[in-house]
Amino acid sequence: RRTWRDSPTRPPRTPSRHTHAAKATVKIIMAQDGCQPMERFMRPEYSNHGAGSAQKSWAFCPSSRDGASAGGGTAPPSAMHASAGHGYSVSGYVNGYNPTLPAYPPTRAQLEAARARGGGAPTGPAPPGQRFRQATAVWDGPAPRGDPSKPQPGTPYYINTPKEEVFDASKEAKDAHIVGGGRLPYCGCDGSVAAKGLAAGATHVRCGNSRDSSLKSAGEAIAAYGREKVFVSAKLSPDEHARVGEAVAAILAATGVGYLDLFSIEWPVQHKQGTTEVDGEGSLEATWEALEKCVSEGTVKALGLANFSVPAVERLMKVAKVKPAVNEVELHPLLAQRKLVGVCRRYGLLVVAHTSLANGDDKLLKHPKLVQACADAANPQTPQALLTRWSLQRGVPIIIEDEQTLDECMKATTFRLTNAQKVLIDAIEPPPKDGGVRFFHPAFDFTFDDPFLGGVYRPGLDLVPN
């Protein structure tokens, strides 16, 4: 229903007598630009906090600069001064300053701007509440140095050379605990050099499989040195997976040691007996079950692996009742295999290094960084000694396979790498995308797994440019 309110021709309303009376009785002095009414801040509860501030802010409201306020009063002198050309804002701030706040000295930029105008100090009337004065603590020199004991900007983290580790023979670990309760020496030798290795102090004799021609000589050297003083290990060849018990018996008979401290699967592949043809009927799980039987019989103390990748280790750990104690793999600065070492340690496997001297290949032994590390005046050593020590300081036991380098390798137990040598030898490792360099290959066709497989996936490596 249309009303006069909706009609476009509605006549204008005439103010009534009551409306004029209401306006006359309300005497609130109110700025027409949104400022707070002064009457609000004249209450007694505002007398001790904020009353003066509100009145000052009121004085700079634009509506108070018209000579007469909304209530008919006269603007204060400060407001008149504000209207004389100074840009006061609605909120009561004067040229960016709040006159009700404490006065602060001018900034360096303000002083320089004032001098550029021809004066030694800011010219013109100062904003209310701002008392400009000449600064007395302007720092014209370089930034303070701060704590001299801390690195300065743009300098390396280490200002001074870090402290070198001092070699202490009494603190050097001679062996490491393995699953099964045994202790594996850090320095070991191949069964072919058992006599000389034991004489030099390498108390771990690693024998081959049941067809190893040096089993007899190794057994004689062990007997002469003392069986209980030697850690004896042997391996199961790929074509012996179907007859594990027979292989163990043949090794014990040839060496005469009575039992093996460690018996390892040489390769994670199974061949048909007497050939290098892959046996598709066998399985790694069945082989491990047969090895666990040897442990229960007492002919073997601990079980191990050799040349196993991360996926192969993880596969075996899911079914093994007797957990493997060792994984013997090729390790040297050109093939550090850091991921494999880390995964094995998390599973409780001790990583042992073979081919730690790269079979004497100059690609490693004459690497420029290794040559530079050997010439360190603080600790000059041969490449064989430095490479062996590099493994030992990683907590990785080594197997010395060459009689010619045995003495040099054993010198690694008499010193520690300097900080500079550690940096140089670590820098030999190729980038992860490039992969490592292998110097040991089996006599049969074998493809090593991608080193990035298994373990925790690292997607960041996919972003590294080739």
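**Cavity**

I looked up the largest cavity in this predicted model; its volume is about 60 Å³. The count came to one cavity of 30 Å³ or more. I then listed the lining: Leu184, His204, Arg206, Ser233, Ala234, Lys235, Leu262, Ser264, Leu305, Val326, Glu328 and Val352. By class I get six nonpolar, three polar and three charged residues. Strands β4 (204-206), β5 (231-236), β6 (262-265) and β8 each give at least two residues. β5 gives the most, with three.

Next I turned to the largest pocket, with a volume of about 670 Å³. I find 33 lining residues, and Leu335, Gln337, Arg438, Pro451 and Phe452 lie nearest the centre. Elements α9, β8 and α10 each give two or more residues to this lining. I sorted the lining of the largest pocket into 18 nonpolar, seven polar and eight charged residues.

The second largest pocket has a volume of about 490 Å³. Its lining has 28 residues, and the closest to the centre are Asp190, Arg206, Thr355, Asn359 and Glu401. Helix α13 (383-393) and strand β10 (398-400) each supply at least two lining residues. Here I count eight nonpolar, 13 polar and seven charged residues.

Arg206 is on two of my lists: it lines the cavity, and it is among the residues closest to the centre of the second largest pocket.

**Asp190**

I followed up Asp190, which sits in strand β3 (residues 187-190). Is Asp190 buried or exposed? Its relative accessible area is 15%, so I call Asp190 buried, the cut-off being under 20%. Leaving out residues up to four places away in sequence, Asp190 touches Arg206, Ile399, Ile400 and Glu401. Of these contacts, Arg206 and Glu401 are also listed closest to the centre of the second largest pocket.

I checked why helix α9 (residues 310-317) is largely enclosed by the rest of the structure: six of its eight residues are buried. They are Val310, Ala312, Val313, Glu314, Leu316 and Met317. I see them pack against α8 (284-297), β7 (303-306), β8 (326-330) and α10 (338-346).

The largest nonpolar core has 88 residues. Val205, Leu260 and Phe263 have the most contacts inside it. I took Val205 and listed its contacts beyond four places in sequence; among them are Cys189, Leu198, Ile222, Phe231 and Val232.

**Salt bridges**

My search of the whole structure gave 19 salt bridges. Arg211 and Asp239 meet at 3.1 Å, N to O. Arg211 lies in the loop between β4 and α6 (215-225) and Asp239 in the loop between β5 and α7 (244-255), so the pair ties together parts 28 residues apart in sequence. Asp239 is buried, at 8% relative accessible area.

Arg211 also bridges to Glu240, at 3.9 Å, N to O. That pair links distant parts of the chain, 29 residues apart. Glu240 is buried, with a relative accessible area of 0%.

I noted Arg227 with Asp261, the closest N and O atoms being 3.1 Å apart. Arg227 is in the loop between α6 and β5, Asp261 in the loop between α7 and β6, 34 residues apart. Both partners, Arg227 and Asp261, are buried.

Last entry: which residues are linked in a network of salt bridges? I wrote down Glu165, Glu172, Arg389, Arg416 and Lys422.

Terms used:
Residues are numbered from 1 along each chain as its sequence is written. This is a predicted model: local features need pLDDT of at least 70, side-chain atom pairs count only at pLDDT 80 or more; totals for chains, interfaces and linings use all residues. Side-chain values use heavy atoms; hydrogens and water are left out. Buried means under 20% relative accessible area, exposed over 50%, partly exposed in between (1.4 Å probe, protein chains only). Helices (H or I, at least four residues) and strands (E, at least two) are DSSP runs, numbered from the N terminus. Contact means heavy atoms within 4.5 Å. A nonpolar core is a set of buried Ala, Val, Leu, Ile, Met, Phe, Trp, Tyr and Cys residues joined through side-chain atoms within 4.5 Å. On a 1 Å grid over the protein atoms alone, a cavity is a set of points where a 1.4 Å probe fits but cannot get out, and a pocket is an open set with protein on both sides within 12 Å along at least five of seven lines; lining residues have an atom within 4 Å of a point. Grid points are joined across faces, edges and corners, and a volume is the space filled by probe spheres set on the points. Ala, Val, Leu, Ile, Met, Phe, Trp, Tyr, Cys and Pro count as nonpolar, Asp, Glu, Lys and Arg as charged, and the others, Gly among them, as polar. A salt bridge is a side-chain nitrogen of Lys or Arg within 4 Å of a carboxyl oxygen of Asp or Glu.
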